[in-house]
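The entries below follow the order in which I looked things up.

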Amino acid sequence: IVSSALKLMHKIIESRYSPAEWNIYAAQASDGDNWNDDSPACAKLIEDELLPKLQYFSYVEVMPRAHQALWDYYQYTMQRHPSAFSMAQIDEPGEIYPVFLELFKKRMET
């Protein structure tokens with residue numbers, strides 16, 4: 001379940017990286033496969049718990065076919081927080097790093 005990974009990310013930030021002392025950037029890559037009832041919880045966790053502590057959050061979905069439910073919920077998050085959240089879809093895992101570079105480059109240029 002994706003929300004478990006996001007909760008762990010939040011726990012690590014809380015225990016090790018005070019936002020008052022660190023500029024925190026987060027990235028998530030996933031095939032987007034998630035339990036449908038967990039996807040809204042993921043978006044809420046990102047908006048309520050993570051984004052207030054982060055400079056930027058970027059999501060990459062590795063899915064050559066139609067998007068999963070997680071993508072739809074993250075799109076709403078991106079619309080509400082365009083300067084703090086970005087996302088992209090790729091077909092192959094080998095594309096993850098170059099796409100993250102591009103997404104974070106866009107953040108650095110704004």
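**Helix packing and core**

I first noted that H1 and H2 are roughly parallel to each other, since an angle under 35 degrees counts as such and theirs is about 10°. I worked throughout from a predicted model. Helix H1 spans residues 2–16, and its axis lies 9 Å from that of H2.

I then listed the residues that make this contact. H1 contributes Val2, Ser3, Leu6, Lys7, Met9, His10 and Ile13, while H2 contributes Cys42, Leu45, Ile46, Glu49 and Leu50. Sorted by class, the contact of H1 with H2 has eight nonpolar, two polar and two charged residues.

I turned next to helix H2 (residues 39–50) and helix H3 (residues 69–80), which pack at about 25° with their axes 8 Å apart. That angle makes H2 roughly parallel to H3. The crossing of H2 past H3 is right-handed.

On the H2 side I found Ser39, Pro40, Cys42, Ala43, Ile46 and Glu47 in the contact; on the H3 side, Ala69, Leu70, Tyr73, Tyr74, Thr77 and Arg80. The contact of H2 with H3 comprises eight nonpolar, two polar and two charged residues.

**Serine 39**

Beyond residues up to four places away in sequence, serine 39 touches Asn34, Ala69, Leu70 and Tyr73. Serine 39 and leucine 70 are separated by 31 residues in sequence, yet their C-alpha atoms are 4.9 Å apart.

**Nonpolar cores**

I looked up which residues have the most contacts inside the largest nonpolar core. They are Leu6, Ile46, Leu54, Phe57, Tyr59 and Tyr74, in a core of 20 residues. At least two residues of this core come from each of H1, H2, strand S2 (56–62), H3 and strand S3 (85–90). H2 supplies the largest share, five residues.

Setting aside neighbours within four places in sequence, leucine 6 contacts Gln28, Cys42, Leu45, Ile46, Leu50, Phe57 and Tyr74.

Key. Residues numbered from 1 in each chain as written. Predicted model: local features only at pLDDT ≥ 70, side-chain atom pairs only at ≥ 80, totals over all residues. Heavy atoms only, no water. Axes fitted to C-alpha atoms, helices over the stretch in contact; angles between N-to-C directions. Helix = DSSP H or I, 4+ residues; strand = E, 2+ residues; numbered from the N terminus. Parallel < 35°, antiparallel > 145°, perpendicular 65-115°, else oblique. Left-handed = near helix turned anticlockwise from the far one by under 90°. Contact = heavy atoms within 4.5 Å. Nonpolar A, V, L, I, M, F, W, Y, C, P; charged D, E, K, R; others polar. Core = buried A, V, L, I, M, F, W, Y, C linked by side-chain atoms within 4.5 Å. Buried < 20%, exposed > 50% of the residue type's maximum accessible area, 1.4 Å probe, protein only.
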